[in-house]
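Subject: Handing over the structure

Hello,

Here is the structure I promised to pass on. Please open it first, then read my notes below.

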Amino acid sequence: MRQRHAAPVASQRNGSYDSSDLEGLEGCKHVVVESVDIDTPFKRIMAANRGEIAVRIIRAGIELGLETLAIYSPADRLQPHRFKADESYQVGSDKMTPVQCYLDVEGIVKLAQEQKVDVIHPGYGFLAENAEFARACGRAGITFVGPLPETIEAMGDKTAARRMAQECGVPVVPGTDSALESAEEARAFAASAGYPVILKARSGGGGRGMRVVRSEEDMEDLFARASNEAKAAFGDGGMFIEKYLEDPRHIEIQILADNYGNVVHLYERDCSVQRRHQKVVEMAPAPGLCEDTRQDLFRDAVKLAKHMGYRNAGTVEFIVDKNGRHYFMEVNPRIQVEHTVTEEITGVDLVGSQVKIAGGASLADLGLAQQEDVPKPNGVAIQCRVTSEDPERNFQPDSGRITAYRSPGGHGIRLDGAMAAGNTVSQHYDSLLVKVICKAPTFMTAVQKMQRALYEFHIRGVKTNINFLENVLRHPEFLGGAPTTSFIERNPELFRFHTQSTADLTHLLEYLAEQLVNGAKHPGAVGAPPAKAAPPPPALPAGADPHVAPSGWKEYLDTHGPEAWAKAVREHRQTRGVLLTDTTLRDAHQSLLATRVRTHDMLKAAPATAHILANAGSLEMWGGATFDVALRFLHECPWRRLELLRERIPNVPFQMLLRGANAVGYTSYPDNAVYAFVREAKAAGVDIFRVFDSLNDIDQLKFGIDSVRAAGGVAEGTLCYTGDVSDPNAKKYTLEYYLALAERMADHGIHALAIKDMAGLLKPRAATQLVGALRERFPDIPIHVHTHDTAGTGVATQLAAAAAGADLIDCCIDSMSGTTSQPSMGAIVHSLAGTELDTGIDPEALLALSDYWEKARLLYAPFESNLKSCSSDVYIHEMPGGQYTNLKFQAASLGLGDEWERVKNAYAAANRALGDIVKVTPSSKVVGDLAQFMVSNNLDEHSLVEQADSLSLPSSVVEFLQGYLGTPAGGFPEPLRSRVVKDRPVVTGRPGATMPRMDLGALREQLEEKHGKVSYRDVMSAAMYPKVFDEYKAFIQKHSRHVEKLPTRAFLAPLDIDEEVDIELTKGNVVSIKLKAIGELQPNGTREVFFEANGIPRVVEVKEESKATAQLKKPARDKADVSDPGSVPAPMAGEVIEVKAKPGSFVKAGQALVVMSAMKMETSVNAQCSGTVQHVYVIKGDACEAGDLLVLIKPGGEPAGASGDSGGAAAPEAKEPVAA
C-alpha cells in the first residue's frame, strides 16, 4: 500500500513558477489514493506527451498512487495537460520547433533523471515508436512503458513486420518484403501484381506516407509525395508497396502481453471509417463481422505477438475483404488513440495495465492468466474524434482560443480530452480536441447515444468537425453496421451540412467587440448616432386577426394571372378608385437613408402593413441599389429578405425594378443570366416587374419584357421620364416621344405601363397631359405613375395623374415621405377619401405605420441626408431623388463636400455634354461620375470636349460612349464620343445580344470551391455582383449570418457598458448579450472584450487597428508636374485597384496605366503622351489624392525592337460600384 501525498502543481524550472505562487491555493492537489490493487516498483511517472493522452496517463498514474510529471514545450506553456500533473517541466527550447521539443530524446531523459522519474509512458505519436528513446530510458535506469526497443524497431520497419507475419503463417497482402528506394522499383512490382497498389511508409503510421496508385502514369508523382511525407514525419523516406484491396474493412485486435511470454487479446475494433487513412470513428466490437473471421483474427494476432516476443499493450491491424478473407497490415507497438472503446466493453484499464506490466506484473497478476479470464464484450462502444478541423474547407485545421466549451454527459458517455473554455488550440500540433466515447447495450442504442452527445457539444472559437460526425452517424451505410474504408470517399453527401458552422454566438460577439475596439465601419454613416430606443412593432387595426391577413390583390393575381389582373385593375379604377403602391420598403429609404434600412426593422412593421395596406396595389421591394447594399453594407441576403417579408405579407403583390438587360446590376449580362434571375425572383415572391432601361432603349426594354413574361410575372413596361412635356418649346422629350415609345412596348405585350419620374420632374400639368394622352391611346392597359417629391410638387402630381386616368400611383408612409423621397401617402389618401378615386385605405390606420417609421428612422440617423426642405433646383440639374443623397455623400468622400453647389451645376453641364440623356441608374451614375470629375479637374462642358482626347475619364463615361449601356435618344454626342472612344471598340444594338452564355453550373462549382455549399440564389447574386458576393460570404464566414438579427443600434454602433441586447438566433432560441468591460491594450496589439451571454462570462480578443500608426505609415506622395505631359497625375482622390504600367515598357498615348476607384467611380488613368515608363509610383491598394504622381513617362518614339501594348479596350467586365 502506498499513500499518495499532495504535490506541488508546478516547479520553478525555467522560471515558470515559484513555491510562493501556490500560497493561498488551499486544497490544491490534495487527492489521496489510499491503496492500489497491484503495487508497482515506481514512485514517479512522466507522461512524455501532450494533450489528451498525457492527461490519460496522468490519471492512470494517480490511480496507481504515483506522483505524476508532465512535460510541455514553450508553445504549450498554458496547455491544460501540464496542470493535471503534480509537477510540470518545460522541454526543448525556443530554438526548436514546437514538435521537435517533444522529440528531444536527450533533453527529456535528462529531465527525467533530474526529477528522479523512474517510469516514462510515451503515449502515442511523438516518441512512442522510437526505439532509441526506449534504449535511452533503459540506459538511464528509467522504465519505458512499452515493448522492447528491438520489437519497436522490427515493427517500425513495415517490411520486417511482413516477414515476421509470413514466418508464422499469418496471411499478408501481396507486396514487397523489403523497402523500395525509387518509383522505378515500385513500378516493377505493380506491373506484375496489377493496379491499384498502395504505397506505405516503411516507418511510422497514422496514414502518413500512404498513397493509392491506380495507374502507371501516377506512380512517379505519388511515390515522391508519399516518400517526402514519410521523411518529414518519421525521418525515413523508405517505402514498401502492396496490392491495394478495394473497399475492405479495417479491423484491429488489441493484445496485452506480459514479460513472461503470456499473450491475450481483448477482442477487436472496427476502424473502417477513415478519411485519407486517418481514423474518424471507431467501434468495438466490430458490427456484422463473420464469427469465423473474428476467431481467425484473434488466433493470428496472438500467434504473431508470441512469435515476435511481444511485451505490453499493442495492436495487430488487419484488413478484411468482401469475402471475409483477412490480411495482416501492421503492428502498432503502443497504446492506440481508440483504446478507449476496448476499455469500455471489457472493463480493463489498458493504460494502467501497461504501467503494471512495465513494473513486472504478469497477466495472472492482472487477473488475465488465460484468454478465458478476459471479460467477455459487454455492449457496444463507439468513439468519435472531435477535432478542430473545418470539413467545409477540406478539413483545414483551425487554431485559436476556445471561447465557449459545453460538453455532453450522462449515462454511458465518456470524454477523453484536455480542453476547456479559455484554452488555446495550437496550430503546431494535432487537431484532436476530445474523444467522445459512448457505450450502450446495442449498436443502434450506442449510435443514438453518440448522436445525442454530439448534439450537446458546444465548442466555439475554433471550427470543429462535429457537423461532419453527425452526418456520418446518420448515414444509412454506417447505420447498416459495416462501413468500409472507402465509406467517406464514396459519399460526398457527408459534406453537405444543414447548418452553417460559422453561424454562432461567438462570431456575433466578435462583431460587437470589433465595433467597440476599432469603431463601427459603415460607409456613409456621417450623421448623428443611432437612437438608443427601438420602436415596438406597430399595432394591428382593432379587431384584426394576427394569424390571418385580409385578402388582397396578391390572391387575385396568383389565381387569375397577369392578363386578368390587368383587366381587373382597369375595372377597379373605373368603378372603385385608384390603387396605391407603397415604396417605404425600398425607394423611400433609398432616397432618404442611402438604402440602409435593414430587414430586421422591416419585419417588425410587416404584419401591420399586411393589414393596413391590404387594399394597396403593390409594395415596392427590390431594385439595383437594394440588392447591392443588402449584400455589401447590410451583410444580409436580399433573397432572404424577400422570403421573410412574403411570409408576413402574403396578401399584397410585391414589385421590383428590373433594369432590362442590366437586371439589378450596373452592366449588361448574358441573356440566360437575366432570364434565370427573373425566373428566380418570381419564384422568391416578386409579382410585378417594372421593366425599364436607363436610356429608354426599346431593344433593352423588349428583352426585359420577354424575360418577365417567360417567368410568369406582370411585365410593367416603363417610360423613364425626363424633360417637360408641358413645355411647348421642348424638342427632344416631347409627348410624341413618350407615346411612340409606349406604343412599341404595348405592341410587345406589356401588362401595364409605368411612368418612372426618378428626379421629380413631372409637374402636375405635365402629368395631366402625359397620363391623359396615354389613357386615350391605351384604354385597356393599367397606367402606373412613380415620382419624387424633390421640388415639393409630388402630391399634386400624383393627384393630377390619378384624375387623368392613372390606375396606380406611388407614394410612401408619411414619416418616410417628402424631399427626395416619394409624396406622402397620408396626404393622398385623405385627399381622395370619399371621392370616385378613393384608395380604399383607412387614413387613421396609417398613423400606426407612420409613427413606427418615424421612430425607426431615428435608428438610421447616421445616414440622413439632412435635407431641410424641398428644392426646386431639381428642374435645373434634373438629378434623380435616389441619387441626390448618394451623390452628396460621394462628393464629400472625394473632398468635394464644400463644393456641392458646383457639383449640382456640373451635373447639369455633364448631362448637356452627354447629349441630354435620360438619367436613371445606371445612366444617372454616368452623369454623376462625370460631374464629379469635372469639378475635381476644373472643367466645364466646353473645356471637357476640347480636352477629351487627353483626359482619363471615369470608366463609366467611357463605356457609355462605347455603347455598353445602349443607344441614347438622338444618338451619342459628337465630337465628344469620337475623342474619347478613339480606337476602342463600340457596341451597336443591344449589348447583351452578342455576349456568350453564362455557365451557371460552372459558376456554382467555383463558388462552392471558394465558399462551401451555396444555394441557387447565391449563384444568382454572384452572377449579378461577383465581387460583392465574395465579400458578403467572407463577412458571413467571419461573423455569421446572424448579424442580420442584431438590433439595428447594435449593428450600427458599439454597445455601451452594461447595455444588454436580446437576439433570437433560431425559433425559440433567444440569447441575451451584455457588454461588461473592455481590457487594456496588450503587448501583442489586442484588447480583450468581456461579455455576458445568457449570464455566462465570455471573452473575445480583438486586434486594435491604430489609426495613428496607420497615419504614420501613410507615405507622402510627390505631386505630378502639370506642365510635363509625361507626369501622370491622379485625376481625383481614390484607391489604386490595378497597375498596368511597367517600368521600362513603351506606352502609347491613351494607353491605360493605372485603374483607380473612388466610391461609385472607376477611372482608367491613361498616358497623355507616348514614351517609355521611367517609374511607377503606386501599387495596388494605395490611396491617392487628386494630383498625386502615379507614373512618370519619358516622352519619345518607340525604341527599336520594342513592342508596346496598343491599349485597345476589350468589352468591360461587370462593374460593381460602391453604393453609398
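Start with Tyr 1025. At 0% relative accessibility, Tyr 1025 is buried, because buried means under 20%. Keep in mind that this is a predicted model.

**Aromatic pairs**

Tyr 1025 has an aromatic partner, Tyr 666. The two rings are edge-to-face, 6.0 Å from centre to centre, with 75° between the planes. This pair links distant parts of the chain, 359 residues apart. Tyr 666 is in the loop between β25 (654-658) and α24 (671-684). Tyr 1025 is in the loop between α39 (1016-1024) and α40 (1026-1039). Tyr 666 has 7% relative accessibility, so Tyr 666 counts as buried too.

Both tyrosines belong to one aromatic cluster.

The whole structure holds 29 aromatic pairs. Another one joins Tyr 405 and Phe 457. Their centres are 6.1 Å apart and their planes stand at 80°, so this pair is edge-to-face. Tyr 405 is in strand β18 (residues 404-406). Phe 457 is in the loop between α13 (443-456) and β22 (458-460). The two are 52 residues apart. Phe 457 is buried, at 7% relative accessibility.

**Charges over rings**

Look at two arginines here. Arg 82 lies over the face of Tyr 72, 3.9 Å from the ring centre. Arg 632 has its charged end over the ring of Phe 633, 5.9 Å from the centre.

**Salt bridges**

Side chains of opposite charge can pair when their charged atoms come close. The count here is 76 salt bridges.

Asp 416 and Arg 414 form one of them, at 3.0 Å from N to O. Asp 416 is buried, with 5% relative accessibility. Arg 414 is buried as well, at 16%.

Glu 636 and Arg 641 form another, at 2.8 Å from N to O. Both of these residues are buried.

Then there is Glu 1008 with Arg 1004, where the closest N and O atoms are 3.7 Å apart. The two are 4 residues apart in helix α38 (residues 1000-1011), so about one helical turn separates them. Glu 1008 is partly exposed, with a relative accessible area of 32%. Arg 1004 is partly exposed too, at 27%.

Last, a network. Salt bridges with shared partners join Glu 252, Arg 269, Lys 279, Glu 282, Glu 317, Glu 338 and Arg 385.

Best wishes

Note on methods: Residues numbered from 1 in each chain as written. Predicted model: local features only at pLDDT ≥ 70, side-chain atom pairs only at ≥ 80, totals over all residues. Heavy atoms only, no water. Phe/Tyr/Trp six-rings, centres within 6.5 Å; stacked < 30°, edge-to-face > 60°. Buried < 20%, exposed > 50% of the residue type's maximum accessible area, 1.4 Å probe, protein only. Lys NZ or Arg CZ within 6 Å of the ring centre and 35° of its normal. Salt bridge = Lys/Arg side-chain N within 4 Å of Asp/Glu carboxyl O.
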